[in-house]
Amino acid sequence: MALSETENGNEGGGEEADLMVRTCVMGGFSESGETRALISSLPEVDEDALRSESAIQRFLVIMNRYQEQPHLLDPHLEWMLNMLLEFIRSEKSLPSLVHLGFKFLYIICKVRGYKVFMQLFPHEVADVQPVLNLISRQDPKDSETWETRYMLLLWLSMTCLIPFDLSRLDGYLESDGSDTREPTMDRILAIAKSYLVVSDSPRDAASVLVSKFMTRPDVKQKRLGEFLDWSLSTISQTSDQSLRDINVLDGALQSLAKLFKHGKRDDLLQYAPTVLQCLEQKHLSESSEAMLRKLGVKLIQRLGLTFLKPRLAAWRYQRGSRSLAANLSMIQSTTAGAAVSPEMETEEQEDYDIPEEVETVIEHLLVGLKDKETIVRWSAAKGVGRVTGRLPKELADQVVGSVLESFSFQETDNAWHGGCLALAELGRRGLLLPSRLPDVVPLIIKSLTYEEKRGACSVGSNVRDAACYVCWSFARAYEPRDLEPFVNQIASALLITAVFDRNVNCRKAASAAFQENVGRQGTFPHGIDILTAADYYAVGNLNNCYLNISVYIAGFPEYTKYVIDHLVAMKLNHWDSVIRELTTKALHNLTPQAPDYMATTVLPQLLSMAVGIDLHGRHGAILACGEVTYALYKLGLQTNRTVVDLISPECVDALKNVHNKLHERKQYRGFGGQLMRPAICGFIEKMSLSKMPFKNDPIITGWQWIIDDNINTFHLTATGAKDGVMDAVVSALSALCEEYYKDSSGKADSQIQDVLVSQYIKGLKSTQIFTRCGSARALGCLPGFMIHSKLKQVFDGLHEMCTISQKEGNFTEARRDAVRSIAQVCVNAGVCAQSSPDVSLCSENVAEVYGVLLSSMNDYTTDSRGDIGAWVREAAMTSLMDLTVLVANSAPEILSPDLVKCMMCCLAQQAAEKIDRYRAHAGSIFLRLLHSTELSVPHIPHREELLNIFPIETTTTLNWNAPSQAFQYIVQLLGLPVYQYHTLLGLTVSVGGITESTVHFSSQSLFDYVKGIQESNDALTQFGDTLLSIFRDNLRNDRVSVPFLKMLSQMLANGCFELFATQENHHFGEDLLALCKELKKSKDVSKLCACVSVFCGLIQFQGEVRKKVLSQLLMLLCHSFPVIRKNTANQMYEMLLIYDDVIDAEVLDDAMTLLSDTNWESDLSTVRPHRNQLCDWLGLPRPRLITKQDPVPVS
């Protein structure tokens, strides 16, 4: 079954991968037309900075698409370059247009690479002086035009390739009668030197210029020595302490490295010892700058290649030929890996001297292999390969030996990584002869599993990745017959890395290397079959690797024991607990592949590790002992054998004594105890499920003790580990009871039953919240026979804890677990309509059980963490669903209409509230109970109307997490009288909330509904009465009253009650005003501000309501809180703008001026006359100052 799932998963993944490849691979430069138009428009857009920036950004977007496939630009590079150069060369072009053109050129150059792109620059004699003049006019310190300088230096580099002596250009200029100028050669050299010391990218282009310019025949005769002296003096006189000196060193080293790369050996050989001596004195390998160390290594390897004659080592190993035709026609020799010509044999036999400096070069390169930065190690590895290719066979072998010395456990991971890169380079170049493979392969196998722990993590993923690269390069470098003796080792090691490595990049690298070997070597056992299961994409998922792919690979005999042994030796003691736990599950799945090996060899090893001193190894081994034993038990069931028939008596005794040894050594204490406690609980669960013959054995008492101790000391567990520990404890207790506390008749041991039930009920009253949590969950996991005749006692304990703690507002986590446990206890006890309340859920106690859960749906406890009561509500919803499903299946007659009505209304309320997660949970449960196919919940109110609102397809298509989708369905419940109150109560906190998207979509849906019932006076009246009922019931509940006022303010502003407002003294306005007056006494600023908004909205009501509202607003203008006075004045100003019939038109402007200009935050004695003036204009009596005992005096 697992295999078929894996295959299906791989097929799907393969199709997705093919689609991704087809999407990413492009066939050509599809934006050619747009690019041509964009370049053509540069003269116009240059005049506008905004359009210019937009054009640059658009061109960047186009070009960046081709970063992975830059060759697609090749057919179009020439016309793009010519169009841009046309603007640049034009005398009419403004400097800004020239710089813009060079910016575009740089973008193209960056994508395609300067080595290819610079070759397209025109480089005739006529181009030298214009380019030289243009670059001379540039300001090296201008940070806005560095692209111009960069491209001009590359262009100048190409013009240096003209095959004429530069002095001819000087002669022509002088004969022309113009002023004598500085020689062209000196000008170019001065420009190169000046740009080698700048701090931006033109420094890199200047080093390219040096490499092209200094290698000219005329320049190297006159200026090479001088330039080298300047470079060496620059290197000697600078340090790497300041940023400027670092830039200068960078430029000098870059230029020398490129010069020795492109220059002729005969010209540079005389200078090489001096340069090497300067570098040795500089000690660049000790620099803190990685780039300087890299350039130092790069230059040293070029010096090494200069000391050695360029020759192709005749002794190197060759697989085939560079020519495909030669490969096809060649008859491979059966005795040698390469065909050597007579001339090469003669050359190999010639003895030639190796300069002493080469030894220094190699020594520096070997040091570079151990550098702490990857870029330095990689450069050193390439240098080792290049230099070794020019050495005689004996000296080259010594270099290989020195590289192999890096693979010592005394060396750091950097040395191992550099060694792997060097071996890959040597193998790729044919410099690692097959005779060395017996020494190399074991080191590569070690590198594939190299991992060194550092504190709370480990290093070595780069080493493993490089080792995969070595295996990949070997597949391409050697004939199958040369690698054949090592095939099993390499294949097994690569598969181990591909499946079990913690780092996804290493797994993918190993999979790619394995695939390369399968394709090129053809000798890897079951290579094609394994690749179908463990391809590049399949190994991306760690769980899939451990639990599925490993089982498939272990199905091949060549790999079975290797896979198991690796897990036991390397992964059970891994520093990452996730890897250890996956390893134990993998061993469980692998047991059927080699049951005898597991029982006789692996299990004894695990048992010795389980009582060892290594904490991580002990943790993994304890879990593994349980998993392997349980896997053996399941295998025994197939052949009617018990687990003790499959494992030795010594192993049985050792399994029984694991807990005792841990307890004796006090290994349940301290930091180690955080790992041992959940591990031993998992072990107990598996031993119980495996039906180990320990019934009535003292060890059961020990196991029960550790379970109880975990519950009692749960508060000492680290926060992040609490959930894992509790899950392990609950699973262990359930399995232990099921196996060892049941007698032959299927009943519980009465003594144990009394003790456990009483103990856990007592734990519900503990002062420690997590002891309450553990006790509640323990009661919930007890099997049915353990709570038989104890159900009422258990339920009363859980009920009492829920009720008391909810009133006190504490122990929220314990209430959540108690609510979950109530449903679990009822499910475990079962349902029987005529049964006793002490035995099962029946007609006598069903109302009480539902009552506890329904009251928990109203838990809105908050603390510094926010709405923590939502945990209880979520648990109550889940428990209600589980109970309802159980009862509807077994005894639907005990479900009364009132219970179902209350449940569905509470679910509707939760489905209308503001928190997405809990709204979605409630909505999905609501729809499941409504549309359940396996059962029919009786007495659901308005079932037919609900089915019309929520068709069957909404169970899959409706996204309750999305406010834009959920609320348009929820508001339709307002039309059903039974659901109206609770739905509107839920909507209240959504519409009056603070989350923008929730407020927007919920209010929009509510307003649409209210506008839809405007024509029906009865429907609107009923809706208004429901609103008033909610307000009246929650007048002192800030959680509801404040959002309610905000919602009411929005509804009044949107004209939702125009039908009432047109009627004189409608009772809705009067009742609402009376309720709002009650809130006016509050000291809560947000509530008072919301009240002011509602008062201003009530102005639309005619008659006495308006006068009373104005009186309230005028009193609030002299509220004791300045912020309330200011807010009231602002809202009254806006109110008068909207409702201009409130005050006589003659004094309207004066009233609005008074409201806006008065500083209402001044003293009451200052603002009261202004308020009284408003009273006179409005024709209302002035409020009199009286003494009151109210919380907030009003004037």
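1. Ser688 sits in helix α37. The model is predicted. Ser688 is buried, and its relative accessible area is 1%. Leaving aside residues up to four places away in sequence, Ser688 touches Ala735, Leu736, Glu739 and Tyr740.

2. Helix α37 also matters for a pocket. The helix spans 670-689 and is one of the elements that supply at least two residues each to the lining of the second largest pocket. The others are α33 (577-590), α35 (615-638) and α39 (722-740). The largest share of this lining, nine residues, comes from α37.

3. Now the pocket itself. The second largest pocket has a volume of about 690 Å³. Its lining counts 27 residues. Nearest its centre lie Glu581, His619, Leu623, Pro678 and Ala679.

4. Helix α12 covers residues 202-213, twelve in number. From first C-alpha to last, α12 reaches 16 Å, close to the 16 Å expected at 1.5 Å a residue. Among the buried residues are Pro202 and Arg203, then Ala205 and Ala206, and Phe213. Ser207, Val208, Leu209, Val210 and Ser211 are buried too.

5. Aromatic pairs come next. Across the whole structure, a search finds 33 of them. Take Phe59 and Phe104: the ring centres are 4.5 Å apart and the planes meet at 20°, so this pair is stacked. The pair links distant parts of the chain, 45 residues apart. Phe59 belongs to helix α4 (residues 49-64), Phe104 to helix α6 (residues 95-112). Both Phe59 and Phe104 are buried.

6. Why does the pair of Tyr106 and Tyr150 count as edge-to-face? The ring centres of Tyr106 and Tyr150 lie 5.4 Å apart with planes at 90°, and the cut-off for edge-to-face is over 60 degrees, so the pair qualifies. Tyr106 is in helix α6 and Tyr150 in helix α9 (residues 146-159). This pair, too, links distant parts of the chain, 44 residues apart. Tyr106 is buried, as is Tyr150.

7. One aromatic cluster deserves a look in the viewer. Which residues do ring pairs link into a cluster? They are Phe926, Phe950, Trp960, Tyr969 and Tyr979.

Methods
Residues are numbered from 1 along each chain as its sequence is written. This is a predicted model: local features need pLDDT of at least 70, side-chain atom pairs count only at pLDDT 80 or more; totals for chains, interfaces and linings use all residues. Side-chain values use heavy atoms; hydrogens and water are left out. On a 1 Å grid over the protein atoms alone, a cavity is a set of points where a 1.4 Å probe fits but cannot get out, and a pocket is an open set with protein on both sides within 12 Å along at least five of seven lines; lining residues have an atom within 4 Å of a point. Grid points are joined across faces, edges and corners, and a volume is the space filled by probe spheres set on the points. Helices (H or I, at least four residues) and strands (E, at least two) are DSSP runs, numbered from the N terminus. The expected span of a helix is 1.5 Å times one less than its number of residues. Buried means under 20% relative accessible area, exposed over 50%, partly exposed in between (1.4 Å probe, protein chains only). Contact means heavy atoms within 4.5 Å. Rings of Phe, Tyr and Trp (its six-membered ring) pair if their centres lie within 6.5 Å; planes under 30 degrees apart count as stacked, over 60 as edge-to-face and the rest as tilted.
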